[in-house]
Amino acid sequence: MPIEYPAILDLKETGKEYSFTDRDTMLYALGVGMGSDPMNLDELRFVYEKDLRALPTLATVVAWGAGVPTDKLGVDYKLVLHGEEKTILHRPMPVEGTLVADSSVVEVYDKGEGKGAIIVRETVLRDKADGEKIATLQRTIFARGDGGSGGNTGPTPVPHAIPEREPDKVVEYRMAGNQAAIYRLSGDRNPLHIDPERGQAAGFDGPIVHGLCTYGFTCRAVVEAFCGFDPDSVASHEARFSAPVFPGDSLRVKLWKEDEKTISFEAEVPERGKTVIRNGLTKLR
Ligand SMILES: CCCCCCC[C@@H](O)CC(=O)SCCNC(=O)CCNC(=O)[C@H](O)C(C)(C)COP(=O)(O)OP(=O)(O)OC[C@H]1O[C@@H](n2cnc3c(N)ncnc32)[C@H](O)[C@@H]1OP(=O)(O)O
């Protein structure tokens, strides 16, 4: 079934409930590499139930599955890559709770046959206890097999521009060989990230790391570099995925402090000379 535009813009899913516990919060932190140094007391707070803190980007996984189902979008899921993500935190991310998710399709950009379709979706997460918004997730997928099926043929919104000067801070991490295998247990069990055959069918040498896993690493870097490990300072975090990351890659996150509340960032895999995340922007409270 191809993308049906503009009917796709009427697809909605509302009132879907998701519960998560401190175990989900800690598993997510492990999935983005936290706690690998047992003597790092700042990171310990994200992987230990004592005084537990949640990374803001936990919001991207706690309601995994919320959103208009892929089969209704009419895309070839094997060729879908995550394009962009923006997480807006209306209040600090709790470490457990029950959420109510309302999702919709915001826009489809048709980049032409052989190129792909860009589908923008939005999910609003509310706290079931008081009905207040916790987070808004804006998620863009790049459906490489679905160009030419209809949609807005105009330019896609221009993403945030990064300064041209040298970064103010650089944070380096190494993804474990089993990083995607751990991360997927937080929700996204797309076989692209674990099954070598599915990686090859998508045009890669093997499995690739979830975009949202790398995105979580970049939020961790902001929290480490500019927030003194206080995750509640983050008001929003957004980025574009520009090249795949493979399990075992190292990640160099380059960060620019533009003003007291604005951080720009990019991430590269130095051993392959690839910039894998571009146009990163974090707003602080
Ligand atoms: C349905 C369930 C949803 C679940 C979420 C997804 C499930 C997950 O399990 C899947 C994943 O995590 S995949 C892993 C993470 N993502 C990636 O690795 C993608 C990396 N990026 C790429 O490969 C290319 O940038 C690529 C291929 C994305 C684009 O490269 P090109 O084709 O070379 O594009 P280019 O010629 O540079 O630009 C064409 C137009 O597209 C816009 N654009 C480019 N990259 C974009 C991106 N990443 N996101 C959104 N838009 C993007 C450009 O602006 C350009 O638009 P315009 O013509 O208007 O200027």
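Trainee: How much space lies in the second largest cavity?

Mentor: This is a predicted model. The lining of the second largest cavity includes Thr60, Trp64 and Leu137, and its residues divide into 4 nonpolar, 3 polar and 1 charged. The space in this second largest cavity is about 30 Å³.

Trainee: Which element gives the largest share of the lining of the largest cavity?

Mentor: The largest cavity holds about 50 Å³ of space, and its lining consists of Ala66, Arg121, Glu122, Thr123, Leu137 and Arg139. Two elements give two or more residues to that lining, strand S4 (117-127) and strand S5 (133-143). The largest share, 3 residues, comes from S4.

Trainee: How many charged residues are in the lining of the largest cavity?

Mentor: Among the lining residues are Arg121, Glu122 and Arg139. Arg and Glu count as charged. Beside 2 nonpolar residues and 1 polar residue, the number of charged residues is 3.

Trainee: What area do domain 1 and domain 2 bury between them?

Mentor: Domain 1 spans 7-143 and domain 2 spans 169-284. The contact takes 33 residues from domain 1 and 35 residues from domain 2. With 61% of it on carbon and sulfur atoms, the area buried between the two domains is about 3,000 Å².

Trainee: Which side chain meets that of Glu84 in a salt bridge?

Mentor: The count between domain 1 and domain 2 is 5 salt bridges. For Glu84, the N to O distance is 2.8 Å, and the partner is Arg240.

Key: Residues numbered from 1 in each chain as written. Predicted model: local features only at pLDDT ≥ 70, side-chain atom pairs only at ≥ 80, totals over all residues. Heavy atoms only, no water. 1 Å grid on protein atoms, 1.4 Å probe; cavity = no way out; pocket = protein on both sides within 12 Å on 5 of 7 lines; lining within 4 Å. Points joined across faces, edges and corners; volume = space filled by probe spheres on them. Helix = DSSP H or I, 4+ residues; strand = E, 2+ residues; numbered from the N terminus. Domains from an automatic or database assignment. Contact = heavy atoms within 4.5 Å. Buried area = accessible area lost by both parts, 1.4 Å probe. Salt bridge = Lys/Arg side-chain N within 4 Å of Asp/Glu carboxyl O.
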